[in-house]
Amino acid sequence: MNQTLSPERVRADIAELLDCDPAEIAPDEDLFDLGLDSVRIMTLVQRWRAAGATTLEFPDLAEQPELAHWTALLTERAA
């Protein structure tokens with residue numbers, strides 16, 4: 001699998017879509033509260049599938065929209 005799905009990459013990709021500094025995203029903060037929506041989640045799904053998380057699906061992210069959960073999910077898949 002592609003090793004580009006690091007915790008830093010996950011955080012940076014989310015921050016890019018939210019137009020904020022990656023450091024502003026707390027690990028346990030609800031990303032919907034920060035302005036993430038379903039269209040942006042689908043953008044992330046497509047981006048991260050291309051980076052190696054080929055089995056990633058929208059519900060994997062939407063059910064628990066927190067940075068810490070997504071990071072664990074994606075870096076485990078990329079390992």
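Select tryptophan 70. Buried or exposed? Tryptophan 70 is buried, because its relative accessible area is 0%; buried means under 20% relative accessible area, exposed over 50%, and partly exposed in between, with a 1.4 Å probe and protein chains only. The model is predicted: local features need pLDDT of at least 70, side-chain atom pairs count only at pLDDT 80 or more, and totals for chains, interfaces and linings use all residues. Residues are numbered from 1 along each chain as its sequence is written, and side-chain values use heavy atoms, with hydrogens and water left out.

**Stop 1: around tryptophan 70**

Colour helix 4, residues 67–78; tryptophan 70 sits in it. Helices here are DSSP runs of H or I with at least four residues, numbered from the N terminus. Now show the neighbours of tryptophan 70. Leaving aside those within four places in sequence, tryptophan 70 is in contact with Ile14, Leu31, Leu36, Ile41, Leu44, Trp48, Asp60, Leu61, Gln64 and Pro65. Contact means heavy atoms within 4.5 Å.

The side chain of tryptophan 70 reaches the backbone oxygen of leucine 61 at 2.9 Å. Then pick valine 10. The C-alpha atoms of valine 10 and tryptophan 70 are separated by 7.8 Å, though the two lie 60 residues apart along the chain.

**Stop 2: the aromatic pair**

How many aromatic pairs does a search of the whole structure find? It finds one. Tryptophan 48 and tryptophan 70 form this edge-to-face pair, 6.1 Å centre to centre with 80 degrees between the planes. Rings of Phe, Tyr and Trp (its six-membered ring) pair if their centres lie within 6.5 Å; planes under 30 degrees apart count as stacked, over 60 as edge-to-face and the rest as tilted. The pair links distant parts of the chain: tryptophan 48 belongs to helix 2 (residues 38–50), tryptophan 70 to helix 4, and 22 residues separate them.

Stay on tryptophan 48. Its relative accessible area is 0%, so tryptophan 48 is buried.

**Stop 3: the nonpolar core**

Which residues have the most contacts inside the largest nonpolar core? They are Ile14, Trp48, Leu56, Leu61 and Trp70, in a core of 21 residues. Such a core is a set of buried Ala, Val, Leu, Ile, Met, Phe, Trp, Tyr and Cys residues joined through side-chain atoms within 4.5 Å. Helix 1, helix 2 and helix 4 are the elements that give two or more residues to this core. Helix 1 gives the most, with five residues.

**Stop 4: helix 1**

Select residues 7–18. The twelve residues of helix 1 should span 16 Å at 1.5 Å a residue, and the end C-alpha atoms are 17 Å apart, which agrees. The expected span is 1.5 Å times one less than the number of residues. Buried here are Val10, Asp13, Ile14, Ala15, Leu17 and Leu18.

Zoom in on aspartate 13 in helix 1. Aspartate 13 counts as buried because its relative accessibility is 7%. Leaving out residues up to four places away in sequence, aspartate 13 touches Leu44, Arg47 and Trp48. Step past the end of the helix. Aspartate 19 follows helix 1 and has a positive phi, near 55 degrees.

**Stop 5: back along helix 4**

Select threonine 71, in helix 4. Threonine 71 has a relative accessible area of 14%, so it is buried. Beyond its neighbours within four places in sequence, threonine 71 is in contact with Pro7, Val10 and Glu76.

Go on to glutamate 76, also placed in helix 4. Glutamate 76 is exposed, because its relative accessible area is 64%. Glutamate 76 and serine 6 are 70 residues apart in sequence and 9.6 Å apart in space, C-alpha to C-alpha.

**Stop 6**

Select glutamate 66, in the loop between helix 3 and helix 4. Glutamate 66 counts as partly exposed because its relative accessibility is 27%. With residues up to four places away in sequence set aside, glutamate 66 touches Pro27, Asp28, Glu29 and Leu31. Glutamate 29 lies 37 residues from glutamate 66 in sequence, but 5.7 Å from it in space, C-alpha to C-alpha.

**Last stop: confidence**

Colour by pLDDT, the predictor's confidence in each residue, from 0 to 100. The chain has a mean pLDDT of 92, and 92% of its residues reach 70 or more. Confidence is lowest in helix 4, at a mean of 87, and highest in helix 3 (residues 58–62), at 97.

Terms used:
Polar contact = N/O pair within 3.5 Å; in protein donor to acceptor, adjacent residues only side chain to side chain.
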